[in-house]
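Work through the exercises below with the sequence and the structure beside you, and try each task before you read its solution.

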Amino acid sequence: MQNKRLYIETFGCQMNVHDSEQMAVLLQSIGYHLTDDPATADLILINTCSIREKAEQKAFSELGRLMKLKEVNPNLIVGFAGCLAQHLGRKVFARVKGVDLVFGTHNIHRLPEMIASVVKSRRKVTQIDFSSSIHSLNIFAPPPKRSLCAFVSIMQGCDNYCAYCVVPFLRGPEMSRIPEDIVHEVRELAKLGVREVTLLGQNVNSYGKKLSEACNFVSLIEKISGIKEIQRIRFTTSHPKDLSDELIDCFAHVPKLCEHIHLPVQSGSNRILRLMNRGYSSEEYLRKIDHLRAVCPQISITSDIIVGFPGETVRDYQETIDMMEKIRFDSVFSFKYSERKGTAAQTLPDKVPESEKRRRLKELQALQDRHTQERNSVLEGSLQEVLVEGRSRNSEQDMMGRARSWKIVNFKGGPELIGEKVFVEITRGYLHSLRGKRLIVKEVGDAAGDEGIGIDA
Ligand code: SAM
Ligand code: SF4
């Protein structure tokens, strides 16, 4: 088998990160191995995101930079993948000379044959058809470097057509994998040492809606929870309109389900939520937050917010700020509205000027920083279960891992702890992480198999 080098640059969300992992696995089967250095690569893939204009600009500027390597190595193959590739198709060839391959979100499983075709004929290849099946999701991608945590795609596409969003156009209609395939994949990951899985989909709450057999997201979580080696389950992203009481209750009765939910609200104004086609009101959203906190008081709640959606007045924006003050999210990904071709919002009147969007975003982010700091400070003195992932970026003597809340925790320790579940007493809550002291804690199982903890003084 050939021994060739593959460099992948990934933009965008966790879905794209996972897609890139799958590309690497498929290409391994035809002799390509990952490298961190694009200058030594035989094949470069750029996996793109198209959600906002800025993401598109970044992908093209990176493509331009990497194309220079073709001057030194004319045999280098360059492929353009993901949402932007799906959107532009063959137009990429005209925009950037020298690109060999353009393929979309439903064609990852065809990658080895596409590369073989480019190598053999040196002709340009484009594959952007939508498929009516979910071949790509069934590629088994072991996580890189014997990682403890892995992503598992449980569905693809989206049927929601939020007025601002290109995802339904670029990732196609919503399709769920059958539960047996997902459970099998999680078991295989567990055999490789994975202890935490994050179930991925654009709207995981509607998982199983179109499957013939009766299986919804809650029953999928319960099935995965039955896999002994898996210690933690997470999921993203949840859509507020489809977040059922049954799923909320899982935070109380499924011990492996981590106490974190990412629940994008987008706006606190009912008028804007309607224009966005989100399918819930701010009151309904608040009720779900109250229910989540009632069943699981320690739950960490994160969200996405867009400012400057067409027609958003200062009053609408103030309603978003008021909602943030009421809820006090643990963290928020916030964005300036970015106009996307073909979406319903593109045709809406009353566009908000760029300078005003910038002002609102800056103010909102400053408020969220205060809330995040407040939420992290409250954890000082608490005991957090941490799955140790590796060395901390802050100091050679420190290790880092994630608490069940998804917050990063740094503490003193050595590399022998990588892969271990440890307990850390939080001594300081910072804006972007927590710091603490490791405590030696014995986990004691009772006759029913429930775990309790006893702390050695
Ligand atoms: N499916 C998920 C959901 O419904 O929340 C996430 C979709 S998207 C990858 C992630 C976030 O990007 C969205 O929640 C939204 O806040 C933001 N986003 C999507 N389209 C946008 C646009 N045109 N302008 C600004 N932000 C956008
Ligand atoms: Fe986009 Fe809305 Fe679908 Fe999320 S739910 S991917 S924001 S259309």
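**Exercise 1: A strand and its partners**

In this predicted model, His260 stands opposite Ser300, a residue of strand S13. Find which strands pair with S13, and in which sense.

Solution. Begin on the side of His260: strand S12, which covers residues 260-262, pairs with S13 in the parallel sense over three bridges. Then turn to strand S14, residues 331-336, which is also joined to S13 in the parallel sense, here over six bridges. One of the residue pairs to look for is Thr302 with its bridge partner in S14, Ser331. Finally, follow the chain from S13 through helix H13 (residues 314-327) to S14, and you will have traced a β-α-β crossover that is right-handed.

**Exercise 2: Around the ligand**

Which residues are the closest to ligand 1, and which of their atoms approach it?

Solution. First list the surroundings: 15 residues surround ligand 1, and the closest are Tyr164, Gln202, Gln266, Asp304 and Ser338. Next take the backbone, where an N or O atom of Tyr164 lies 3.0 Å from a nitrogen atom of the ligand, and a polar backbone atom of Gln202 is 2.8 Å from a ligand nitrogen atom.

**Exercise 3: Inside the cores**

Name the residues that touch the most other members of the largest nonpolar core.

Solution. Among the 56 residues of this core, they are Ile154, Val197, Leu199, Phe217 and Phe235. Another core lies apart from it, with 23 residues that include Phe11, Ala41, Leu63 and Phe93.

**Exercise 4: A residue in a loop**

Why does Asn73 count as partly exposed?

Solution. Locate Asn73 in the loop between helix H3 (69-72) and strand S4 (77-81). Its relative accessibility is 25%, and therefore Asn73 counts as partly exposed, the limits of that class being 20% and 50%.

Conventions: Residues numbered from 1 in each chain as written. Chains lettered and ligands numbered in written order. Predicted model: local features only at pLDDT ≥ 70, side-chain atom pairs only at ≥ 80, totals over all residues. Heavy atoms only, no water. Core = buried A, V, L, I, M, F, W, Y, C linked by side-chain atoms within 4.5 Å. Buried < 20%, exposed > 50% of the residue type's maximum accessible area, 1.4 Å probe, protein only. Pairing = 2+ DSSP bridges. Helix = DSSP H or I, 4+ residues; strand = E, 2+ residues; numbered from the N terminus. Right-handed = clockwise from strand over helix to strand, strands pointing away. Near = heavy atom within 4 Å. Polar contact = N/O pair within 3.5 Å; in protein donor to acceptor, adjacent residues only side chain to side chain.
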